[in-house]
Amino acid sequence: MNDFQAIADRVEIEALRGEFSDAAMVGDYDRFVSLFTDDAVYRIPEAHIVQTGREEIRAGTERLADEWEYFVQTTHPGAIEIDGDSATGRAYVSELGRLRNGTSIVNYALFNDRYRRTPAGWKFSERVFEVRYFDTTPLPGSPIVAWESSTSSSQFADPASAERLESAAAALAANGFTVEILDDAAAARSRIKDLIPAGASVLTGASETLRLSGIEEDINTSGRYEALKPRLLAMDRATEADEIRRLLASPDVMVGSVSAVTETGSLVLPSASGSQLPANAGGAGRAIWVVGAQKLVPDLSTALRRVEDYALPLETVRAEKIYGQPSAVNRLLVLNAELQPGRGTVLLLREAIGF
């Protein structure tokens, strides 16, 4: 039994050291400081750094992180000696990065550690960073991860220019869609009331754009329309599955959004369940899509990258809060053209809304 406990302790301590590098690399400072005991000490003697307690360690780590343009740390296994509820160990570290002042740094170092068993598992009680090799030869590389993040947050989140919106509107119109460029979500909210006749059966798709604009509430609670979503939510999934499927597939009007619209005139709609795709694809008598200006992308390949890299992570956060599980792109609908005149209307906004 003691042998099994010793093995388990070593595995947990090794995982602790891996968590240290991972939390530092991704900037998860809550997790980073949770790896230390309340009275832990973190030292970097060559830099004259001594931090005592979780608060100091967090503040110091965030301050150091702000100085880096990019930073990579890899921890390699080392010695571990366990003595009851205490332990000592060494981990071997390689680091490279570039400071925001332009200085490149390559380190090979040791972490000399003390660990303590706590009710929450093994934690660092002391961690000392001992530099063995230090090099400031300029690094020619670039921070690829930071570039990708910037692409997602800037290219995919910022509203497109007026010229690009006009160009996309022309391409959509050439592909058979009816297109209107509106100033903002408030204008779209007002326009929706003109486009949908009173008494029509209307299905609203799961959409942050509709929720944030108030369009979802207008349709589903005003009493002006035969709102299908409240009716569907009240139906029994086991005994009324066929009726639910039919209602989802063929409303008079489908109102939703898309995750991307291309400058070549295509709409891209991802879905986890696929339930709203039949109505969008052609089952609904009419479809209206309200689209924020940040969703405009050059082409289909960029649209798919926007879906996977930008929209899906945000939708997963929403889905986990509401449904308790992450989202996924299990179905993907690409509308390249609308053959029936007047069926598909795109309300293209000049502002960003939704994701």
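1. A word on classes before we start: Ala, Val, Leu, Ile, Met, Phe, Trp, Tyr, Cys and Pro count as nonpolar, Asp, Glu, Lys and Arg as charged, and the others, Gly among them, as polar. By that scheme, the lining of the largest pocket holds 22 nonpolar, 16 polar and eight charged residues.

2. Please keep in mind that this is a predicted model, where local features need pLDDT of at least 70 and side-chain atom pairs count only at pLDDT 80 or more, while totals for chains, interfaces and linings use all residues. Residues are numbered from 1 along each chain as its sequence is written, and side-chain values use heavy atoms, with hydrogens and water left out.

3. The largest pocket has a volume of about 1,300 Å³. A pocket here is an open set of points on a 1 Å grid over the protein atoms alone, where a 1.4 Å probe fits, with protein on both sides within 12 Å along at least five of seven lines; lining residues have an atom within 4 Å of a point. Of the 46 lining residues, Ala206, Gln276, Glu315, Arg318 and Tyr323 lie nearest the centre.

4. Helix 12 gives the most to this lining, with eight residues. Other elements that supply at least two residues each include strand 9 (201-204), helix 10 (241-249) and strand 13 (267-271). Helices (H or I, at least four residues) and strands (E, at least two) are DSSP runs, numbered from the N terminus.

5. Now to the sheets: one is open, with six strands in the order 8-17-14-11-9-10 and parallel pairing. Two strands pair if DSSP finds at least two bridges between them. Strand 8 (178-182) and strand 10 (226-227) are at the edges with a single partner strand each, so one side of each has no neighbour in the sheet. Helix 5 (residues 162-174) packs on this sheet and touches strand 8 and strand 17 (344-349). Contact means heavy atoms within 4.5 Å.

6. A second open sheet has four strands in the order 15-12-13-16, with mixed pairing. Its edges are strand 15 (296-297) and strand 16 (331-335), each with a single partner strand. Helix 12 packs on this sheet, touching strand 12, strand 13, strand 15 and strand 16.

7. Finally, is Ser125 buried or exposed? Ser125, in strand 7 (residues 121-135), is buried (under 20% relative accessible area, 1.4 Å probe, protein chains only), at 15%. Ser125 and Asp39 are 86 residues apart in sequence, yet 7.0 Å apart in space, C-alpha to C-alpha.

Technical notes:
Grid points are joined across faces, edges and corners, and a volume is the space filled by probe spheres set on the points. Axes are lines fitted to C-alpha atoms, for helices over the stretch in contact, and angles run from 0 to 180 degrees between N-to-C directions. Buried means under 20% relative accessible area, exposed over 50%, partly exposed in between (1.4 Å probe, protein chains only).
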